[in-house]
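Me: I have a structure open and I'd like to learn how to read it. Can you take me through it feature by feature?

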Amino acid sequence: MMPSQDGLSTIGDNLLQPPDQARGSTRNRQRQSSPARKLGMTRRQKDKRDFKENENPEEKEKRHKEQELKPLYKELLYTIIHKLGKPASAEVFTDNQLHQYIKEAFSMAEDEHQSLTERVQNTEPPVYCLMATVKEAKGILGKDISGFSDPYCLLTILEDEKESKTRRSRSKPRKAVVKDAVSDEEVYTTETKKQTLNPIWNQTFVLEFEETDGASFHMEMWDRDEEVSLAQKLEEIRTNFHGLRRMIKDAKKLKGQDDFLGNIVLRLKDLHCTEDNWYVLEPRTETYPDRGQCHLQLKFTHKERDGTLSAGRSAYVNYCGILQQFVQSHISKQQGSGPWKGDLCGEGQTLLELYATQNDLSPFLQDLAKWVAYSKLYQSLEVDSSLLLQQLTSIEYHWHQQELPYQQKQELGDSLHGFLQYGLCLVAKYRDIFPPTQDANPRLHTLLRILSQICKTRAFQKLNPAQFDLHDEVNDAVHCGTQEWFSIKKGLHQPMTKDMTETVSALSRLIGEVQEDIKHNKDSWNRVFVSAVQVDVFTIVYQKLDSLLAGEVRDTLNQLEGKMEQSLANGLFPLYLSLQAIHKDKAFLQKSVKLLELTNFHEGFREALPYWLNKAFSTTQDRVERAVQVDQLQPLQSGMVPIKHSSSAVDLVACVQPICQLWEQLSWPDPEEAFMLMVKLTEDVCKIVVNYCRILKERVRELSENSDHSSAVNKLCVVVNDLEHLRSVLTRLPQQLNWAALRERTRHVIGDPQFHNVLPSQLQHAQGVLSREIRSALETVGRKLNSDIETYVRSMSTRRRLPSKSTEDAVVPLMKYLEKELQYMNENLVQENFNSLLTPLWTNSIRTLYQVATQQKQVEGLMVFCQRLQYTLQCLEQCFYAEGNGLPLETLHTDDYKTLKSHLTHNSLNCQQLIEKFLDRKVWEQKVYSGEKYGAVTLIASYRRSDLRLRVEVLNAANLLPMDSNGSSDPFVQLCLEPRHVFPEVEPRTTQIKSCDLNPLFDEAFEFMVSVEQCQAAGACLVVTVLDYDTLRTDDFEGEAFLALRAVPGVGGGPGHQPDPSPAQIRLPLTHPKPNDDSILKLLESRRGEREAQVFVKKRRQREKQSQEEKQ
């Protein structure tokens, strides 16, 4: 806190302060520079005590002690010597303890204490008094006929000797002792309250006494009885019959004799300095023990105190001085323990209580003294401001209860007026006095609440009639304080030379101070001001600093016009960022304000903008080149979560990030210029990426010159991963630079075609370069792998090695090689690039296998050769699929794969398997064939499991072709079970010949003894052949049909006994085979060493010769 200002002194202002402190400290003189408040015109300021300016400090101290402290010290000694009553505190202090306390509080030497004590002991003692206030009573007895009483009280102080003497002098015991015990002058009587059981008096009496020992305070309550007429008594009886008994009792009394209601006796030595209690009215007999209660206020006071002790000063002024000295002494002992919260030690509180009661200082005057003392101490010592709030509340309460003397009114008005002035000075300098900390903010809040409370009190409004608006005053104080603060900061940050770089640096430091101040006002102080006095300090400060700062920025930028260079631009960039941060804080302004002067501040930085972009580009480019130079092209991390790219890829992303941050930092408000800025930044990023590709290729070439093949491939894999990582970063660039938001901002000035043609095209070009470089590197790796795979395949398929190794053994070298290489690639390539390598590698492997398979001539050993290739294909498929971790099946099963697989499958089958496959295909063709071009045959077929018989009934044929010259035919049907290796013992069956009939009716049945397993075998079918009988030459071919035995009722189903099925009638269209059109027949035909194959082919070729399919 700070010393009081000149012109703010009140009565007793300098009683306890040394002369040099009373004139104000250095901090006080600094505060006097603040603008004069209009509040100061509302009251007449009082002169302070005159001190000699050139007086010796020791002389000043000595004179201060003699004139100010010793009079107060004597007052306290006098109070201790003549103390009355017990203090309110529970702890009781001896005279020696109290003497020791005041010696320390007033810094009195022992000889000074003894001298002053002797002088005080020789002074006239005061008159001891007990100030008794009879407030009210409740529940007293009703002694009148009406049931009420007319109570009054008698008060006196009796010594024990007088009381006992009075009792002995009475011939008959009496109920009371006050009457007739002392003279009437020593008995004090209250007013009589008519007809009530709850009287209210509020009368105060001062009772003098000599000593507290052996003396008692007596109060008796009586019911006054006065003579009344007979008519009045009859009226009372008529209205209150129950009063008849009371009237009879009254008739026995002497005329005018009052009734005793009760008494209170209190020993003076048992009383506290002040008492405020309800006391029970005690009876003299047990007739009516419950006689009600009486409320008394008692206080021990002095009369005729020696006036020479403090040179005629009033008790109030002395109380202020004593209080101030006690507080100063207490705070000096508690230094470093935080602000004083209003607590004094027990001795100090006891002495203040004794002095106040002895001099009859009212609670109002005591609270006024505390306010005056605390408000002045607040300006010089660390005092908790909440104390002032408490005193203001007490003063406001007492203002309505008690009238102050004129002198104290003036003092209160001056004190409130002076504290308001002082408080507004503190408000003007709130930045320095109340920093934005958790400890200081509550103190500022309390100070503002005090100022607000002062203006709301009736005392201030009565004693300061001039119009005063605290809101406007605080507003003005903040304005002036902000102006002064800015001027001080500007002076502190003045450039030391006229160099423009130094000027820019000084302005940047000043703006930094302003930015921090605005932040503190927004985050900390504004809440305090709004909560306490409803002043939006953030808006006030922001507008003021906006105006002041705009002028400084304009002046500096005007000096730089036409002189821009890179060093100056570098210094302007942090200045621009600070201004932008300040300008963004306008969003927190609580009310609409006029156009701010910093609104278009960016316009002054257009000249520096190209320099900023060039600086960002060149710096990033240099960092990228250094990153590549130190990169050893090794993966950054292996293990559970591997990082497969190298250090330069990470460094590149970190280097490019500042360019993206530059866009966010600039936040250029002009939309068209912002679009051009975005084009430039995107172009710079793309240039850096393309250049990175170039220098990275040079780096891998340099590191691979003297390394082995494995190391070179490893580095090449790392390069691929670096480029892939960079490509993913470029993909996120539109989100990082927030192109979508820029599109919305520029929609009214930049068309969609221009926007989408410029920015994405730059990005696509850079991504295209990366994609080409990735493909080139992967192709380099892939070429080596493809060459090795082809070597292994050709070595494995050599005919001379066929007998020496099994198929599995022949494939092992290739699979070991692939497992090793693909595992290596998987560990050293990111997943995207590994998949990119697998796809062409798979395609080339399929192509190699196909070339090897088709180059082999169809000679003996082809089947074993193709079986080996088919097994190789299966192994490769499993290897590249890798249980779902490699290429997906959709990618693996290409058209080339399907062609190769079909080719190898055919060539890997033996003769019987080929025949079965041929018959299965014929059955399928029979099912999908539609029409009866060559006629049809109708059958009824069934199979009985009970006796293993296949029954076939040939019903008829229809629409047969005429094969004879007479335009007709002699048809018959031949039934044959195929393939022969499944039905070796089953002979073909034929029907009778039907002459000259194209729609013959046969109606013949045939049975074949065959097992269920034979009927369910692969390719098992019934071949139905219709022939035209010729006597002299070979029978003509009418057509054939194929019926799968599995489709015959009774054949299907699982093993075990089944009931015989119902026969099914089947109509089969006749077909003719197409000559030389079957690959299976060609394959069977090539196997000349197998008799079964040759017999089957010969029969099918004969049917092809007889077929009319070629003739149609």
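Me: How much space lies in the largest cavity?

Reply: A cavity is a set of points on a 1 Å grid over the protein atoms alone where a 1.4 Å probe fits but cannot get out, and its lining residues have an atom within 4 Å of a point. Grid points are joined across faces, edges and corners, and the volume is the space filled by probe spheres set on the points. Here the largest cavity holds about 140 Å³. Its lining has 14 residues, and the closest to the centre are Glu978, Val1023, Glu1040, Lys1099 and Arg1100. This is a predicted model, where local features need pLDDT of at least 70, side-chain atom pairs count only at pLDDT 80 or more, and totals for chains, interfaces and linings use all residues. Residues are numbered from 1 along each chain as its sequence is written, and side-chain values use heavy atoms, with hydrogens and water left out.

Me: Which elements supply at least two residues each to that lining?

Reply: Elements are DSSP runs numbered from the N terminus: helices (H or I, at least four residues) and strands (E, at least two). For the largest cavity they are helix H33 (911-928), strand S11 (971-978), strand S14 (1021-1028), strand S15 (1036-1044) and helix H36 (1091-1106). As for class, Ala, Val, Leu, Ile, Met, Phe, Trp, Tyr, Cys and Pro count as nonpolar, Asp, Glu, Lys and Arg as charged, and the others, Gly among them, as polar. That makes seven nonpolar, two polar and five charged residues in this lining.

Me: And what about the largest pocket: how much space lies there?

Reply: A pocket is an open set of points, with protein on both sides within 12 Å along at least five of seven lines. The largest pocket has about 780 Å³ of space. It is lined by 35 residues, with Thr274, Thr357, Leu361, Pro363 and Gln366 the closest to its centre. H10 gives the most to this lining, six residues. Sorted by class, the lining has 12 nonpolar, 14 polar and nine charged residues.

Me: Asn359 is in the loop between H10 and H11. Is Asn359 buried or exposed?

Reply: Buried means under 20% relative accessible area, exposed over 50%, and partly exposed in between (1.4 Å probe, protein chains only). Asn359 counts as buried because its relative accessibility is 19%. For neighbours, contact means heavy atoms within 4.5 Å. Leaving out residues up to four places away in sequence, Asn359 touches Arg305 and Ala315.

Me: What does Arg944 touch?

Reply: Arg944 sits in strand S9 (residues 936-944). With a relative accessible area of 22%, Arg944 is partly exposed. Not counting residues up to four places away in sequence, Arg944 touches Arg949, Arg951, Glu1007 and Asp1060. Arg944 and Pro1049 are 105 residues apart in sequence, yet 8.7 Å apart in space, C-alpha to C-alpha.

Me: At what angle do H17 and H19 pack?

Reply: Axes are lines fitted to C-alpha atoms, for helices over the stretch in contact, and angles run from 0 to 180 degrees between N-to-C directions. Helix H17 (residues 470-492) and helix H19 (residues 537-560) pack at about 35°, and their axes are 10 Å apart. The residues of this contact divide into nine nonpolar, four polar and three charged.

Me: How many helices and strands does the whole protein have?

Reply: The protein has 36 helices and 16 strands. Of its 1112 residues, 50% count as buried.
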